[in-house]
Structure formats: structure tokens, C-alpha cells
Amino acid sequence: MINMTIAIYTGLSISFKEAKTILDATYYPPVKRGDIDELLSKNDNIEIIGIIDGVFHQSPAVAHKEILRALKRNITVVGGASMGALRACELYPYGMIGIGTIFNDYKKGVIDSDDDVSVALNPDTLEQLSQPWINLKYNFDNARKDKIITQEEEDELLKIAKDTHYPKRSFEYTIRKSSLSPENITTLLNYINKNKIDIKHDDAKKVIQYIKKISKQ
């Protein structure tokens with residue numbers, strides 16, 4: 001039976017199907033402004049809210065005041081991976097809990113914009129249609145550490161990705177637009193295909209695992 005006291009907004013960084021294998025909870029699509037207020041107006045028994053994915057550009061983003069209102073009702077609010085990481089960084093002084101690498105990157109100032117985690121999505125299937133800048137960053141970082149590219153080449157690739165409107169971002173587009181030689185382009189693409197990591201997905205799992213842990217206490 002689904003746990004109706006836990007509400008988690010995701011579906012993009014991690015699928016509902018995979019999320020449910022980790023934790024039995026009520027899962028909602030990426031959060032937008034008004035969703036948390038609506039949730040709490042219809043449910044008096046919510047104990048934990050997880051914010052992973054959220055709408056940034058298609059609709060107004062979830063408001064800070066909504067989250068603060070939930071916190072004032074002694075509801076535990078946990079965030080990470082995407083919109084959840086950004087809001088947790090802004091609201092952890094008020095009690096929101098941040099989880100994961102991306103939350104810590106926001107907190108330390110390594111990243112500072114919603115654009116760094118934004119992706120295009122199919123609103124009907126929640127299929128991800130582009131790559132977030134933060135995923136490009138971690139994968140190009142690994143390629144540099146493994147001596148596939150130089151620091152200068154990584155800097156160029158990340159600038160290209162940053163200057164690309166988020167719905168068009170992809171590994172192939174970014175790499176092919178760079179000044180890398182055709183041979184090095186092929187080498188880097190092969191490296192990414194074999195070793196690609198999805199930092200947002202990893203953090204989404206951490207958020208759900210954390211909620212699972214605290215829900216048993």
C-alpha cells in the first residue's frame with residue numbers, strides 16, 4: 001500500500017518506476033508554483049515532502065514561501081538533484097534538508113543558477129530531451145582526470161555548453177562544436193558513451209534513500 005504521508009516530486013531525474021523500487025511513497029511530477037500549497041490543502045497527514053525535480057521555465061517555479069509554510073507545519077522537507085538542490089541551498093537555514101553532490105555544489109558556489117540543472121522534457125512522458133550542464137561538467141571533469149582532454153579543452157567545452165540554450169544541450173552537440181580535432185572528438189565521444197555518469201540521477205536516488213531512512217525512525 002502506498003505511503004500517503006510521504007510526497008515526492010520527481011519523474012525526470014529518476015523515473016517513478018525506479019523510485020518506487022526504493023521507497024513506497026506518493027510520487028508527483030516536477031513541482032511548480034502552487035503545488036505544495038495545493039497538496040497541503042488537500043492532505044492533513046503529510047509528514048515528509050521530497051523535492052527533486054521542478055519546473056523552471058515552462059511555469060513559475062515553486063515559491064520559497066510554500067516550502068516555508070510546509071516547514072512551519074513541522075513537515076520535513078528534503079531536496080536534492082535539481083530544483084530540490086537549489087531550493088535546499090536557499091532554505092537550509094530555515095530547516096529544509098539538502099542532500100547530494102549538486103546541493104553541496106550550490107552551497108559552495110560551484111554552481112549558482114537554475115540553468116546549471118535545467119533540461120528540456122516531454123511533458124507527457126517526462127522524458128529528458130537534453131543534458132543538464134552539471135552532467136556535462138562532471139563527465140568532462142572525469143575525461144580530463146583520465147587524460148582524454150586537457151584543462152583548456154575542458155574549459156572550452158564547458159563554455160560552449162554554458163552558452164548553449166538548455167533545450168539544445170547534449171554531449172555530441174557540445175563536443176562537435178568545439179575546436180577538438182576529428183580524432184579527438186571521436187575519442188571523447190567514445191569515452192563519454194562508455195563512462196557516462198548522471199549526477200542528477202545519482203542525487204535523486206540519494207534523496208529517496210535518505211527519506212526512506214528517516215521515515216523509519
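Which residue in β2 does A7 stand opposite? Let's find out together, bearing in mind that this is a predicted model.

1. A7 stands opposite T26 in β2. The two strands β1 and β2 pair in the parallel sense, and three bridges join them. On β3, which covers residues 48–51, the bridge partner of A7 is I49. Strands β1 and β3 also pair in the parallel sense, over four bridges.

2. **Two faces of β1.** Strand β1 runs over residues 6–9.

3. **A unit to trace by eye.**

4. F16 is partly exposed, at 26% relative accessible area, whereas Y27 counts as buried, at 11%.

5. **An edge-to-face pair.** F140 and F171 form another aromatic pair, with 6.0 Å centre to centre and 85° between the planes, which is edge-to-face. F140 sits in helix α6 (residues 133–145) and F171 in helix α8 (residues 171–176), and the pair links these distant parts of the chain, 31 residues apart. Both partners are hidden: F140 counts as buried at 0% relative accessibility, and F171 is buried at 6%.

6. **The cores.** In soluble globular proteins, nonpolar side chains tend to be buried together. Here the largest nonpolar core has 48 residues, and F140 is among those with the most contacts inside it, as are I36, I49 and L188. Beyond its neighbours within four places in sequence, F140 is in contact with residues including I149, L157, F171, I175 and I192. A second, separate core of 18 residues includes Y27, A81, I208 and I211.

7. **Charges over rings.** Finally, have a look at two lysines. The charged end of K107 sits over the ring of Y92, 4.5 Å from its centre. For K137, the charged end sits over the ring of Y138, 6.0 Å from its centre.

Definitions and conventions:
Residues numbered from 1 in each chain as written. Predicted model: local features only at pLDDT ≥ 70, side-chain atom pairs only at ≥ 80, totals over all residues. Heavy atoms only, no water. Core = buried A, V, L, I, M, F, W, Y, C linked by side-chain atoms within 4.5 Å. Buried < 20%, exposed > 50% of the residue type's maximum accessible area, 1.4 Å probe, protein only. Contact = heavy atoms within 4.5 Å. Phe/Tyr/Trp six-rings, centres within 6.5 Å; stacked < 30°, edge-to-face > 60°. Lys NZ or Arg CZ within 6 Å of the ring centre and 35° of its normal. Pairing = 2+ DSSP bridges.
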